[in-house]
Amino acid sequence: MDYRTEVLVKANAKRKYNPNVSGFLALCARNYCYILKWLPDEAVVNDNWTVKGEFGCLNVKLIENTKYTQLIDISRELPTSYFFKPPSAQVRIYHDAQLAEVLTSQQIFRLKPVYDYPNFYMHQSDEKYQVNAFLEDLLKIGRLQIINPI
């Protein structure tokens, strides 16, 4: 292979994905702010409540409550369908860092920071960022009203 061909091959080679850590942390901080609007201070483990907005309802359950973190399950009810499952995610809320991060979503039980592509499950290289961005979209349900508060 001559020098020109080698340069063209290297130029066309797919670049390895490098995560944007500051962008990811900013996304997690925005999610924390959205969640904080309706997260009760006096919640205890296994409490359930519904957050209603202009664009739908979110069902929330507190799974774990520690001094600096909480683990909640967020789901959205949709009409029954055979083609897709309603969106749901387990979210870890870090009160000391003021961040909220998706730990599990749908059938993904442990999100890696970066995936090689292609991979067996066909996750995108930035799957973790995309799942957290989807959570942000879920949390933007409009003007809030808490139903069945604690």
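Guide: What follows is a conversation about the helices, the core, the salt bridges and the surface.

Visitor: What kind of model is it, and how are residues numbered?
Guide: This is a predicted model, in which local features need pLDDT of at least 70 and side-chain atom pairs count only at pLDDT 80 or more, while totals for chains, interfaces and linings use all residues. Residues are numbered from 1 along each chain as its sequence is written, and side-chain values use heavy atoms, with hydrogens and water left out.

Visitor: Which residues of α2 are buried?
Guide: They are G23, F24, L27, C28, N31, Y32 and I35, where buried means under 20% relative accessible area, exposed means over 50%, and partly exposed is in between (1.4 Å probe, protein chains only). Helices (H or I, at least four residues) and strands (E, at least two) are DSSP runs numbered from the N terminus.

Visitor: Is there a reason for that kind of spacing, or why would residues a few places apart point the same way?
Guide: An α-helix has 3.6 residues a turn, so residues three or four places apart point the same way.

Visitor: What covers the buried residues of α2?
Guide: The cover includes β3, β4, β5 and α3. Contact here means heavy atoms within 4.5 Å.

Visitor: How far apart are the end C-alpha atoms of α2?
Guide: They are 22 Å apart, which agrees with the 22 Å that its 16 residues should span at 1.5 Å a residue; the expected span is 1.5 Å times one less than the number of residues.

Visitor: And which residues are buried in α3?
Guide: In α3 the buried residues are E127, K128, V131, N132, L135, E136, L138 and L139, and what covers them includes α2, β2, β3, β4 and β5.

Visitor: Which residues touch the most other members of the largest nonpolar core?
Guide: Those are I35, W38, W49, I72, I74 and V91, in a core of 22 residues. The elements that give two or more residues to this core are α2 (21-36), β1 (48-53), β2 (56-65), β3 (69-75), β4 (88-94), β5 and α3 (127-139), and α3 gives the most, with four residues. A nonpolar core is a set of buried Ala, Val, Leu, Ile, Met, Phe, Trp, Tyr and Cys residues joined through side-chain atoms within 4.5 Å.

Visitor: What does W38 touch?
Guide: Not counting residues up to four places away in sequence, W38 touches W49, V51, V60, I72, I74, L139, L144 and I146.

Visitor: Switching topic, how many salt bridges are there?
Guide: The count comes to three, taking a salt bridge as a side-chain nitrogen of Lys or Arg within 4 Å of a carboxyl oxygen of Asp or Glu. One of them joins R30 and E136, whose closest N and O atoms are 2.7 Å apart, and this pair links distant parts of the chain, with R30 in helix α2 and E136 in helix α3, 106 residues apart.

Visitor: Are R30 and E136 buried or partly exposed?
Guide: R30 counts as partly exposed because its relative accessibility is 37%, whereas E136 counts as buried because its value is 9%.

Visitor: What does R92 pair with?
Guide: R92 forms a salt bridge with E64, and their closest N and O atoms are 2.6 Å apart. R92 is in strand β4 and E64 in strand β2, 28 residues apart.

Visitor: And where does E101 come in?
Guide: E101 is in strand β5 (residues 99-105), and its side chain meets that of K128 in a salt bridge (2.6 Å, N to O). K128 lies in helix α3, so the pair ties together parts that are 27 residues apart in sequence. At 15% relative accessibility, E101 counts as buried, and K128 is buried as well.

Visitor: What else is E101 in contact with?
Guide: Leaving aside neighbours within four places in sequence, the contacts of E101 include F24, C28, Q90, V91, R92, Y94 and N132.

Visitor: What about Q145, where is that?
Guide: Q145 is in strand β6 (residues 145-147), and it counts as partly exposed because its relative accessibility is 47%. Q145 and T50 are 95 residues apart in sequence and 8.4 Å apart in space, C-alpha to C-alpha.
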